[in-house]
Amino acid sequence: MSRFAILLAGPIVPNSELREALAGRRIIAADGGIEHAAALGLCPELWIGDFDSAPSELPSALHGLSIPRETFPRDKDRTDGELAIDAAKARGGRDLLLVGALGGRSDHAFSHLVIALREAEAGLTIELFDGIERALPLRPGWQDVPAAPGAQFSLLKFSDLNGLSIEGARFPLTRVDVPFASILTQSNEATGSIRIGLEGGRAVLLLQADPTRR
């Protein structure tokens with residue numbers, strides 16, 4: 001099975017939407033992400049990282065389970081999330097859900113977005129979700145994204161964007177070139193499912209899962 005979820009240490013809301021997104025996925029916990037496994041009633045097949053933010057023992061909800069642990073030195077050139085992603089790929093993972101990758105420390109959230117863009121460009125299907133917000137790397141071409149009417153969304157740019165089109169939104173666009181410094185792509189609202197076309201550039205769609213949250 002190629003569908004994996006990587007549990008990271010950032011905040012989550014363990015609601016029905018997140019549980020549904022996790023259903024049927026193989027689980028790998030990165031460092032402090034083991035706490036989310038306990039909260040969500042999941043048993044990871046691997047617990048990996050340098051364990052600088054993890055509990056010294058398994059959370060009580062996971063006591064008695066046999067969870068292999070792979071330890072790396074704290075001084076390393078890859079994040080715990082990267083190690084977990086590499087472990088998933090080594091096991092055949094091609095569709096990855098990063099849980100606990102948003103919120104918390106801003107530098108960690110930024111690095112997870114960059115990693116997601118990199119892995120998407122390498123051919124993986126990858127999404128970030130914490131129960132409140134979804135983040136999806138955008139590739140050149142058209143991408144259809146399910147969204148509830150009224151859901152807020154933004155496009156976070158990592159370069160100039162060429163030929164950006166947005167359909168199914170309060171503020172649509174048609175083949176617009178958007179400079180990196182522009183905030184044109186911030187704070188839009190879905191009218192239903194969103195369709196995004198991109199001719200060139202790097203961006204991440206950040207979408208509210210629950211349109212009632214403002």
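**View 1. Q152 stands opposite E189 in β12.** Welcome to the first stop in this predicted model. The two strands to follow here are β9, residues 152-157, and β12. They pair in the antiparallel sense, and two bridges connect them.

**View 2. Strand β10 also pairs with β12.** Look along residues 161-169 to find β10. Four bridges hold the pairing of β10 with β12, again in the antiparallel sense. For a landmark, pick S165: its bridge partner in β12 is G197. As you look along a strand, keep a handy rule in mind: in a regular strand, side chains alternate between the two faces of the sheet.

**View 3. Strands β8 and β12 run antiparallel.** Here β8 covers residues 141-145 and β12 covers residues 188-198. Five bridges join these two strands. Which residue of β12 is the bridge partner of D144? The partner is R195.

**View 4. D144 and R195 also meet through their side chains, in a salt bridge.** The N to O distance is 3.2 Å. This pair links distant parts of the chain, with D144 in strand β8 and R195 in strand β12, 51 residues apart. Is D144 buried or exposed? D144 is exposed, because its relative accessible area is 57% and the exposed class begins over 50%. R195, at 31%, is partly exposed. As a general idea, side chains of opposite charge can pair when their charged atoms come close.

**View 5. D95 forms a salt bridge with R25.** The closest N and O atoms of the two residues are 3.1 Å apart. D95 belongs to strand β5 (residues 95-99), while R25 sits in the loop between α1 (16-22) and β2 (26-30), so the pair ties together parts that are 70 residues apart in sequence. R25 has a relative accessible area of 13%, so this residue counts as buried, the class for values under 20%.

**View 6. A salt bridge brings the side chains of D86 and R78 together.** Their N to O distance is 2.5 Å.

**View 7. R78 and D86 belong to a network of salt bridges.**

Methods
Residues are numbered from 1 along each chain as its sequence is written. This is a predicted model: local features need pLDDT of at least 70, side-chain atom pairs count only at pLDDT 80 or more; totals for chains, interfaces and linings use all residues. Side-chain values use heavy atoms; hydrogens and water are left out. Two strands pair if DSSP finds at least two bridges between them. A salt bridge is a side-chain nitrogen of Lys or Arg within 4 Å of a carboxyl oxygen of Asp or Glu. Buried means under 20% relative accessible area, exposed over 50%, partly exposed in between (1.4 Å probe, protein chains only).
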